[in-house]
Amino acid sequence: MIRSTHVRHFCKRQGHVIATAAFHVSTCRSLISNTWSSSARIFIFISSIISLQLIKPTDARAQLGASATVESQYNVRGVSLNDAKPDIRFGLTYDHASGAYGGLSGILGDTARNGVQPLGYIAYLGFAKPLPNGWIWDVGATNTQITLYIPASTLLRSPQNTTYKQASTERYRADYSEFYSGVSVHDISARVYISPDYLNQGVSTAYLDLNAAYRPIPQLRLYGHAGALTPLDSSKGAESDREHFDLGAGAVWELHHAELRLAWTGVTSKVEYPINFRQKNNALILSATGFF
């Protein structure tokens, strides 16, 4: 059976980071009444095409996996999306013998003023195919819905006609899809991600994702990452149409059914997600993952 590179990237021995950029601002009322977005419908359409591979007859057995991860912050392509606070992720993966694969991850995170809250989910479906000389080509789609809890303050007036600030929380929701294609060989991979409406900001983007790893001993994996996010058209926000790069490096100690990870990640320029709110970046992240 071909182990899909995206499944390994999510739930086996490489942490997956899914997407950065400016966030669509929405009120709590719109969060409740929001229906399926166009990006979600595109994701479902592409996923249904990939899912046709699952009904092909095969003699090999499919593989189902689960994982749980605790990490010091939820960081996406060099930018913290929960104010550099800890989070927990629970994931399910499915690998079919035909080369089709998929997965779903739910995210819980600590927030500045609201305690632990559900942050959202990440879903993906793809198809991997072997090429000559050990190369693997894969194609697929991801759909992400993430809510950010941003500390804010509201200016109020007292009965004595004096003004004061009251602490509050604003919610920003990112609901978007990406479609990707790439190749990998051994511990080297390259992918291109395309989003038609990145984070509901009215801008389409392309993201280049490059990864390489080296094992000095069987249990230890050292890795490096470089990525570049490029807008393909204009956007409404000054920060969301700026090309920027992210870098990362880390070490993973692999146990029998778990792994420990220490990683550094950052971006080459200050980026606001959402607009007018500067998230933390250039961080050291510690995480532990168990596989079931």
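**A surface patch, paired strands and buried salt bridges**

Ile 88 counts as partly exposed because its relative accessibility is 33%, where partly exposed covers the range between buried, under 20% relative accessible area, and exposed, over 50%, with a 1.4 Å probe and protein chains only. This is a predicted model, in which local features need pLDDT of at least 70 and side-chain atom pairs count only at pLDDT 80 or more, while totals for chains, interfaces and linings use all residues. Residues are numbered from 1 along each chain as its sequence is written, and side-chain values use heavy atoms, with hydrogens and water left out.

Ile 88 is found in strand β4, residues 87-95, and it belongs to a nonpolar patch on the surface that also includes Val 70, Phe 90, Leu 108 and Val 116, with about 430 Å² of accessible area together. Such patches are made of residues with over 30% relative accessible area and no salt bridge, like charges being joined within 9 Å and nonpolar side chains (Val, Leu, Ile, Met, Phe, Trp, Tyr) within 5 Å; accessible areas come from the Shrake-Rupley method with a 1.4 Å probe, and for residues only the protein chains shown count as cover. Leu 108, another patch member, lies in strand β5, residues 100-110, and is partly exposed, with a relative accessible area of 33%. Leaving aside neighbours within four places in sequence, Leu 108 is in contact (heavy atoms within 4.5 Å) with residues including Ile 88, Phe 90 and Val 116, and also with Asp 87.

The protein as a whole has three helices and 14 strands, which are DSSP runs numbered from the N terminus (helices H or I, at least four residues; strands E, at least two). Buried residues make up 48% of its 292 residues, and among contacts between residues at least 6 apart in sequence, 59% join residues at least 24 apart. The protein exposes about 14,300 Å², of which carbon and sulfur atoms supply 62%.

Strand pairing can be followed towards the end of the numbering given here, where two strands pair if DSSP finds at least two bridges between them. Strand β12, residues 244-254, runs antiparallel to strand β13, residues 258-267, and nine bridges join them; a hairpin of three residues connects β12 to β13, and Asp 246 has Val 267 in β13 as its bridge partner. Strand β13 is in turn joined by eight bridges to strand β14, residues 283-291, again in an antiparallel arrangement, with Leu 262 standing opposite Leu 286 in β14.

Side chains of opposite charge can pair when their charged atoms come close. A search of the whole structure finds seven salt bridges, each being a side-chain nitrogen of Lys or Arg within 4 Å of a carboxyl oxygen of Asp or Glu. In one of them, the side chains of Arg 77 and Glu 178 meet at 3.4 Å, N to O; this pair links distant parts of the chain, with Arg 77 in the loop between β2 (75-76) and β3 (79-80) and Glu 178 in strand β8 (residues 163-185), 101 residues apart. Both Arg 77 and Glu 178 are buried.

Glu 259 forms a salt bridge with Arg 261, their closest N and O atoms being 2.9 Å apart, and Glu 259 is buried at a relative accessible area of 4%, as is Arg 261 at 9%. Elsewhere, salt bridges that share partners join Glu 71, Asp 87 and Arg 89 into one network.
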